[in-house]
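Here is a friendly briefing to read with the model open beside you.

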Amino acid sequence: MVDSGGLWTPPEDELGEALQTAQVLIEEGRADEAGPYQQRVIELARERAEGHPNHYEAKHLMAATQYELAGSLNASGRHEEALAALHEAQLGYTELQDAGVLDATCFLADVRARRAMTQAHRGHGATAVLEMDGAVIAYGQLVGGEDGLKHQPDFARVLAMNALILRRYGDPALAVASADAATQLFLQLADQINESPQSLSYARYLCTATAVSADVHAAEGRLDLALEADEIGLTTADTLADSDSATDMRTLVAALVRKGKHLGIVGRLEGEACLRTAYDTDAETAARVVEELDRGLPLTLVAALENAEIKLGPFEQYHRLVALSEPAPGMTLATVSGRTDPESAAQRATELAELVKPLLSQDGNAALTLGMEAHYLFAISSERESHRMRFQTEMYVPIWAQLLLDISEAYFQAGRTDLALDLGGWCAEVATALIPYADDNALMKDLAGACYRHHGNLLAATGDLAASHHAHEAAEQLQLGR
């Protein structure tokens with residue numbers, strides 16, 4: 001929902017009509033149809049802002065609508081365009097904040113959260129996890145502030161999104177913590193949310209949270225908690241299905257499948273009725289959800305460490321790394337950044353990275369789980385500008401770069417090209433930090449060149465030949481010392 005932030009009142013003309021139509025379509029779960037109306041809002045707002053550098057109302061409307069347009073583009077599968085729209089939204093909100101006319105903290109957090117979902121749609125899961133981590137942290141700070149109460153529903157929404165991404169690309173233990181927190185907050189705020197014009201949107205995010213909760217609790221044998229989440233999700237999805245939205249109907253079918261599967265595990269016959277209803281309603285969606293459930297979850301950090309100890313033998317850092325499964329002091333463990341402080345993150349990432357290469361040939365799943373967790377900790381330490389990452393770059397960044405090179409190649413060999421390309425992009429970016437050391441250190445130069453070439457090879461494999469050429473050219477110039 002486009003939020004004016006108090007800067008403007010929707011006009012009663014073509015712009016207002018287009019804005020209202022887009023909003024209605026979004027609330028009805030038909031975001032894929034809202035794009036043309038949002039494009040028209042942006043065009044008309046831009047016309048009003050032209051020649052008026054201080055026309056902040058129109059600029060805010062453009063930024064807010066670019067954000068909403070990204071959601072519509074995602075619903076239509078146009079993810080690259082969605083990222084471009086989010087970039088425009090971020091620029092617009094930043095301009096308004098710099099001008100002192102708007103506190104854009106929550107808006108920028110929303111942009112980051114939607115960008116995370118967009119990256120997840122593209123299969124760029126490593127970037128998605130880190131983008132969403134930042135959004136959760138931002139909203140956590142907002143709910144702890146003076147106006148915390150008004151931000152609580154959106155904090156729940158972002159926690160639900162975070163849970164979904166972590167279920168796919170992170171630690172399921174973090175995912176279920178985020179999902180359970182989102183569900184609890186949604187239920188606590190039920191009266192407030194039901195009076196909100198965005199109540200249907202919040203209900204959809206509640207369904208997302210309960211689905212993740214049910215999946216993880218069931219996988220860990222906590223069937224009572226899984227069925228409790230199923231019941232909340234199914235009740236909510238049943239209410240949503242009264243709309244004309246095909247998306248909401250698919251959500252109901254997914255909830256029926258989950259409950260049916262989990263009832264079957266505990267031997268209750270009504271599970272068969274749930275599954276039968278789901279298949280009769282939408283067999284394609286039901287089959288997809290069954291396949292997803294049968295595929296299971298990624299390894300947790302703790303499970304990967306246990307596997308590493310079995311395959312590699314006891315290692316000295318085991319207990320320090322297992323301790324990452326508990327929240328750091330003052331943190332709630334629903335994000336990767338909640339595992340430890342930024343300074344310790346670089347150390348723990350290094351210790352995880354030491355396990356990856358020897359483990360890859362013996363237990364690829366465990367190695368990649370540890371590798372991704374190491375990457376997340378390195379990235380968080382870097383983004384928070386820890387002392388180690390800023391002033392001991394030559395110690396930590398080469399380890400990070402080699403780790404990315406190894407796990408990106410492993411994902412590519414496993415056929416997960418999108419995730420390999422995502423990590424390859426990170427690999428090239430991290431390699432850039434090695435360049436100041438390359439002239440005096442042949443190993444640094446070779447590693448940076450290998451990162452650029454690897455990224456170039458992945459770009460070529462995915463058909464982006466122009467970008468691949470630039471990456472290989474950068475590697476060649478580095479080798480020649482230019």
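**A buried lysine to start with**

K445 is buried, with a relative accessible area of 17%. This lysine is found in helix α23, and leaving aside neighbours within four places in sequence, K445 is in contact with A438, L478 and Q479. Please keep in mind that this is a predicted model.

**Helix α23 and its partner α20**

- Helix α23 (residues 442-461), the helix that holds K445, packs with helix α20 (residues 393-413) at an angle of about 30°, and the two axes are 10 Å apart.
- Angles under 35 degrees count as roughly parallel, so α20 and α23 are roughly parallel to each other.
- The crossing of this pair, α20 and α23, is left-handed.
- On the α20 side, the contact is made by E394, P398, A401, Q402, L405, S408, E409 and F412.
- On the α23 side, those residues meet M444, L447, A450, C451, H454, L458 and A461.
- Sorted by class, the contact of α20 with α23 has ten nonpolar, three polar and two charged residues.

- Helix α6 (residues 125-143) and helix α18 (residues 364-383) have their axes 11 Å apart and pack at an angle of about 45°.
- That angle makes α6 oblique to α18.
- The α6 and α18 crossing is right-handed.
- From α6, the residues in the contact are G125, A126, V129, L130 and D133, while α18 brings M372, H375, Y376, A379 and I380.
- Seven nonpolar, two polar and one charged residue make up the contact of α6 with α18.
- M372, which lies in helix α18, counts as buried at 5% relative accessibility.
- Is M372 buried or exposed? With that 5% value, M372 is buried, because the cut-off for buried is under 20% relative accessible area.
- Leaving aside neighbours within four places in sequence, M372 is in contact with A126, Y169, I407, Y411, L419 and L423.
- One of these, A126, is also among the α6 residues of the helix contact.
- M372 and D191 are 181 residues apart along the chain, and their C-alpha atoms are separated by 40 Å.

**Helices α1 and α2**

- Helix α1 (residues 14-27) and helix α2 (residues 35-49) cross at roughly 150°, and their axes come within 8 Å.
- The crossing of α1 and α2 is left-handed.
- The α1 residues in the contact are E14, L15, A18, L19, T21, A22, L25 and I26.
- The α2 residues in the contact are Y37, Q38, R40, V41, L44, A45 and R48.
- By class, the contact of α1 with α2 divides into ten nonpolar, two polar and three charged residues.

- L324 lies in the loop between α16 (318-322) and α17 (342-360).
- L324 is buried, with a relative accessible area of 3%.
- Which residues does L324 contact, leaving aside its neighbours within four places in sequence? They are L301, L333, R339, T340, R348, L352 and L377.
- L324 and G338 are 14 residues apart in sequence, and their C-alpha atoms are 8.8 Å apart in space.
- E385 lies in the loop between α18 and α19 (387-391).
- E385 is exposed, with a relative accessible area of 54%.
- Although E385 is not a glycine, its phi is positive, at about 55°.

**Cysteines**

- How many disulfides does the model have? The count comes to zero disulfides.
- A disulfide needs cysteine sulfur atoms within 2.5 Å.
- The sulfur of C274 is 15 Å from the closest cysteine sulfur, in C207, and is therefore too far for a bond.
- C274 is buried, with a relative accessible area of 12%.
- C106 is buried as well, with a relative accessible area of 14%.
- C451 belongs to the α23 side of the contact with α20.

Notes:
Residues numbered from 1 in each chain as written. Predicted model: local features only at pLDDT ≥ 70, side-chain atom pairs only at ≥ 80, totals over all residues. Heavy atoms only, no water. Axes fitted to C-alpha atoms, helices over the stretch in contact; angles between N-to-C directions. Helix = DSSP H or I, 4+ residues; strand = E, 2+ residues; numbered from the N terminus. Parallel < 35°, antiparallel > 145°, perpendicular 65-115°, else oblique. Left-handed = near helix turned anticlockwise from the far one by under 90°. Contact = heavy atoms within 4.5 Å. Nonpolar A, V, L, I, M, F, W, Y, C, P; charged D, E, K, R; others polar. Buried < 20%, exposed > 50% of the residue type's maximum accessible area, 1.4 Å probe, protein only.
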